[in-house]
Amino acid sequence: MSTGSDAAPRMAVISAIGLGQILSWGSTYYLPAVLAVPIERDTGWSLGWIFGALSVGLVASGLVSPLVGRLIHRHGGRPVLAGAAALIALGQLGLWAPPNLAAFVAAWVVIGLGMGAGLYDPAFSTLGRLYGEAARSAITKVTLFGGFASTVCWPLTALLEAWVGWRGACLAYALVHVAVVLPCYLLVVPREERAAEVPSAGTVGARPGHLPPEQRTAFNLLAVVFTLAYAIMTVIAVHLLTLLQARGLELAAAVALGALVGPAQVGGRVLEMVFGRGAHPIWTLVVSSGLVALGTILLLVAPGWAAAAIMLYGIGSGLRSIVRGTVPLVLFGKEGYAILMGRLGVPTLMATAAAPMLGVWALDAFGPEGTLVALAVAGVVNLALVAPLVPMALRPSGRAAAG
């Protein structure tokens, strides 16, 4: 329980976590997109290893995710998010002056631990623990902040690199996490009481994060849906320009169309905030899955409609970030929510780590056309997997329990 989720105004808490999301995403997941080439030029390390270090970090974030969920359940989100800021700062210090490639990869492992403790899933878990099932609007608003991570941090990273080099940029982000992100979490996010001890084995049904048999199907299905969705979206995020150029577009046109994804994601989240608040979150999941599938199909069969395809896909992708936090909350409730989010984070983060190389393999094996076919089929399969979740979520109990 919180010692006062009202101790700080709700919008101040959302803003503090939202600012942390912008700077955390921008200085981790989005960092190599700007710094990879300067790092390669300065060190001679291959781009494969430089981007591969990010994948190693994502694997680390997936492995630590269940522990993070348990810590948030036990102690609240404030110390965990603060610890994430400290870990990312420490990892950025490691990137600042790595003596060799092994040290560079090790720094990304530390950053990965910070990502596992400080990106969306821990933020959503924190909000869920603070506000319970009233956290939906807070989760949506935090994703609105997060949607601007690349918009804010790509130009900032490029400016820092031009001014102080890539090493100086990493040092600057370390200082930002210590001077800005860490104080935001410690000063604004409410402190919470420690959760009660886990009940003994004799009261299994009351154990936090324990799901009764009738809810396990819904949880496992949701894990598959999220994992497949994030694999699809990561492949598209990494290889979109290649896929667009294979549809006959020049590089400049492909870049211009690719730039539509970010605004479309933010637009989808705004639409959810304005029009979706009264609807059950499961319908947002259906719409998200349907738009991603439709966007990939349209890109495959109608290259002339590439802009519309990317907008549809972008809106669906933006909604996906919201339902990642809201659907588990409404399906399984507040009790044990952080623990369940930690478990869900393992396969989705592993898929995110593996998807770039999976995309490379698909492009080599099947070519751009075949890769688009595979993405479209995967999108349709994902939508089909969502269908059984709808009646589970709409049962009168509001939980994925037996009828």
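Select Asp 121 first: at 8% relative accessibility, this residue counts as buried, a class defined as under 20% relative accessible area, with exposed meaning over 50% and partly exposed in between (1.4 Å probe, protein chains only). The model is predicted, so local features need pLDDT of at least 70 and side-chain atom pairs count only at pLDDT 80 or more, while totals for chains, interfaces and linings use all residues. Residues are numbered from 1 along each chain as its sequence is written, and side-chain values use heavy atoms, with hydrogens and water left out.

Arg 324 lies in helix H13 (residues 306-332) and Asp 121 in helix H6 (residues 120-131), so the pair ties together parts that are 203 residues apart in sequence. Helices are DSSP runs (H or I, at least four residues), numbered from the N terminus. Arg 324 also counts as buried, at 8% relative accessibility.

By this rule the count comes to three salt bridges. For another, select Arg 136 and Glu 272, whose closest N and O atoms are 2.8 Å apart. Arg 136 lies in helix H7 (residues 136-146) and Glu 272 in helix H11, so parts 136 residues apart in sequence are tied together. Both Arg 136 and Glu 272 are buried.

Then select Asp 42 and Arg 167, whose side chains meet in a salt bridge (3.4 Å, N to O). Asp 42 is in helix H2 (residues 31-43) and Arg 167 in helix H8, 125 residues apart. Asp 42 counts as partly exposed at 46% relative accessibility, and Arg 167 counts as partly exposed at 28%.

The largest nonpolar core has 71 residues, and Ile 17, Leu 127, Leu 222, Leu 285 and Leu 389 have the most contacts inside it. Such a core is a set of buried Ala, Val, Leu, Ile, Met, Phe, Trp, Tyr and Cys residues joined through side-chain atoms within 4.5 Å. Apart from this core lies another, of 27 residues, among them Leu 299, Ala 302, Ala 355 and Ala 376.

Finally, select Phe 275, in helix H11 (residues 261-275). At 65% relative accessibility, Phe 275 counts as exposed.

Definitions and conventions. Helix = DSSP H or I, 4+ residues; strand = E, 2+ residues; numbered from the N terminus. Salt bridge = Lys/Arg side-chain N within 4 Å of Asp/Glu carboxyl O.
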